[in-house]
Amino acid sequence: MNSEKELPNRVDQEPEPASPCFLQKFKLYETRSNFYMIGRDKSRTLWKVLKIDRLDPSELNILEDSATYTDIECYDLLKRIHEGNKSMGGLKFITICYGIIGFVKFLGPYYMLIITKRRKIGAICGHTIYGISKSEMIPVPNSSVRSKLAYSRNENRYKKLLCTVDLTRDFFFSYSYNIMCSLQKNLCDSKTGPFLYETMFVWNEYLTRGIRNCLKNTHWTVALVYGFFKQVNLSVSGRDFKLTVIARRSRHFAGTRYLKRGINEKGSVANDVETEQVVIEDAPEGCPVQISSVVQNRGSIPLFWSQETSRINIKPDIILSRKDKNYEATRLHFENLVKRYGNPIIILNLIKTCEKKPRETILRAEFANAIRSINRSLSKESRLRFLHWDLHKHARSKTTNVLAHLGKVATYALSLTGIFYCRVTSNLTPEGSYHGSWFEKSDDGGDGFSHCSSKDEDLDSVETEISNASGGDDMNKNHNVKPPMFQKGVLRTNCIDCLDRTNVAQYAYGLVALGQQMYALGFIESSDIDLDNPLAEDLMRIYEAMGDTLALQYGGSAAHNKIFSEKRGQWKAATQSQELLRTLQRYFSNAYVDAEKQDAINVFLGHFQPLQGKPALWELDSYQHYHVGRRNPNFSDDNGSSFMKRSLSDGNIICESEPPICESELPMENMDVGHNQPLSDISQGSSKGISESAPAISTCESAISYHRITPPMPSKQLFDGMQDQCLNSDHIYYDEHDDDCNFSNFLDADWLSSSGNSCEEEMSARSIASLSSENLVNAPKFETSTSASESGSTKKGRGQSESDLACDNMPPEYSNSFMNWVAHGELLFL
């Protein structure tokens, strides 16, 4: 009989404050029948109690006391619990901890994952960011009620497998700052609560689902983001600032290099990473602070393609595993990008243009086809802007300055998207609630940013209101105070792995962005930062560290940093040796380590959930394991929604009585800031979304087929009417019957016409020659003009005049074709 005292009902307890509750330190106690977790906030003014039942061998039962306590009251409560359980050993202290990572069940009991040591890795506007130094997995039921399955061989193997996910590396969290969202979103959206865990960057969403569903809050859990976080203190002209680079890896379609490639049916891509660069000036306490951020994106080529892991071939063949006729999955992916960031979406594709054996060129052709097909249904303003630049080829040329060229692309991308800049007021309090406190409330009592979430809202009016909320009258008097700026749109960069070449391009973009951020903060007089500037070297070290981290996570070795090494003037032989070693490390990891790593990720994310009587994870072949199919009941989709049903009580990780939650079914008020209409709808009106971390595109299970791999098709079938030699050319060829190309011209690499680059000039000349009529056998027919009623002018083909191609604010050193791409969103091949 359980003689344990129940938690007292505090009739005199005052209502819980409306402000968010940030419990940061916890003490875990146990009796024979319950765990008791006591949590407090940083200021030691608020204490709460959580009780976890230990008598049920297979279900999870959690109860939170609605009362808040003082430290003395908590001591008295624990003393009474101890007195009531003396006959069974009393109350025992287990450990100090810093948050619950989640609960997981394999074949036997539930286990509780907790953080037992943490470390500070940075701070954003007074909100501390932590990494995990140590974690523990504790069985929930006491030893006397655990079933034999708790000690089975398979149970221990699952436990060992989950423990291979090293939470002490590259996971980070914050109690009071939504680190899973960009700075712009956090300032423009005051929403909090459990739904934030459902965003694409919270890796323990599945593990915390049970306790969140039960308690309807996130007081006891921490939201873990996986990727990269680095913060450094820098100084320019005697003015100090913090530079922070954050990379958030998506949990959707997550995995290792050869086991997760391309896209899935929901539009989620492999190796999807959001990179945010934040600059915050150091200011005396109580004074207004200037802040700025820029977001960019990397992700696998959004097509159905794969590479089979091989212990023989170090470079396996690339297979287009499915022909998606209407590119529906690709369209879903870009719809999601528009919802998260707004328009324009700028695509920088860095894969090869010429190969002896077609590999990357196959994807290059199909990717361009997909963009062209999608753009056909979009308005001029909403078209995807596609730029192809063969970084590998240009990096091998002694006459090409790769970083300078990429910097010019970055300059134009930033001119289209802008950056986020704001000045927060002095009522910001460290470690306090930042939602709605950085800006004054509007007259209606709501947040000055609250209507940013309206999908049709014009951000110009938002900027005006923020200016007013930040002291608009004073701003008119003081011309030194700049109005806020917002990022609208994003640059999406990819190569094949989205690791090495992509990281170089992201650094080039980050350097140009840093110049604009420093200029906006008033730290420098010009937005240009030279590649030899000490700031450029500081930033390069950060991006090199980020590249190594992301490459280790996805590819199994540090990144290939040849371009960075050459920029620093490192010894060529040493650089070559390092590159060879990393190639071998990556090969070994992909061939021998990645399978188990993928197993661990699938268990951690809930993509595979063990069930007694069904095949174990390691008994499944590669098709069943890595390419989830509806016919296999042991799997869940990439959002963690289970296909199997387990008889569990309410509040458990999976509730049999409730269907899995589809993010698309969440109420609109719970959706992240952005535009929620599809690309075809967005193209009809203004799209001024805000850079943010929105939930990934999701579709309910009933409407989805999960078969990703189909038998590979030969290149002739994939590219109808294409001659074999076309794969080795610098151009993409389409079906000769499709001449509706008035928005998708294929332009050449003459955009740096004034650079004097002989390699570029040679390539441009070769490209023009290859487009002559005698060289285009079975090639598509392109119209060379468009009626004035359709486009307002005859801006088409190579017959355009320079006046037609001229764009506002375009420096003369750029070619007409590149300026036309910037202005009109056409496809550009360099």
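This is a predicted model: local features need pLDDT of at least 70, side-chain atom pairs count only at pLDDT 80 or more; totals for chains, interfaces and linings use all residues.
Does Tyr158 count as buried or exposed, and at what relative accessibility? Tyr158 counts as buried because its relative accessibility is 2%, below the 20% limit for that class.

**Aromatic pairs around Tyr158**

- Across the whole structure, a search finds 18 aromatic pairs.
- One of these joins Tyr158 and Phe608, whose ring centres are 6.4 Å apart with planes at 25°, so the pair is classed as stacked; the angle limit for that class is under 30 degrees.
- This pair links distant parts of the chain, as Tyr158 belongs to helix H2 (residues 153-163) and Phe608 to the loop between H14 and helix H15 (622-626), 450 residues apart.
- Both Tyr158 and Phe608 are buried.
- Tyr158 also forms an aromatic pair with Trp618, and this one is tilted, with 4.6 Å from centre to centre and 45° between the planes.
- Ring pairs join Tyr158, Phe608 and Trp618 with Phe106 and Tyr111 in a cluster.

**Charges over rings**

- Arg118 places its charged end over the ring of Tyr130, at 4.4 Å from the ring centre.
- Arg322 has its charged end over the ring of Phe304, at 4.5 Å from the ring centre.

**Nonpolar surface patch**

- A nonpolar patch on the surface is formed by Ile314, Leu580 and Leu584, which together have about 270 Å² of accessible area.
- Leu580 counts as exposed because its relative accessibility is 53%, and the class requires over 50%.

**Cysteines**

- The count of disulfides is zero, where a disulfide would require a pair of cysteine sulfur atoms within 2.5 Å.
- Cys214 is partly exposed, at 29% relative accessibility.
- Cys354 is also partly exposed, and its relative accessible area is 39%.

Conventions:
Residues are numbered from 1 along each chain as its sequence is written. Side-chain values use heavy atoms; hydrogens and water are left out. Patches are made of residues with over 30% relative accessible area and no salt bridge: like charges are joined within 9 Å, nonpolar side chains (Val, Leu, Ile, Met, Phe, Trp, Tyr) within 5 Å. Accessible areas come from the Shrake-Rupley method with a 1.4 Å probe; for residues, only the protein chains shown count as cover. A salt bridge is a side-chain nitrogen of Lys or Arg within 4 Å of a carboxyl oxygen of Asp or Glu. Buried means under 20% relative accessible area, exposed over 50%, partly exposed in between (1.4 Å probe, protein chains only). Rings of Phe, Tyr and Trp (its six-membered ring) pair if their centres lie within 6.5 Å; planes under 30 degrees apart count as stacked, over 60 as edge-to-face and the rest as tilted. Helices (H or I, at least four residues) and strands (E, at least two) are DSSP runs, numbered from the N terminus. A charge sits over a ring if NZ of Lys or CZ of Arg is within 6 Å of the ring centre and within 35 degrees of the ring normal.
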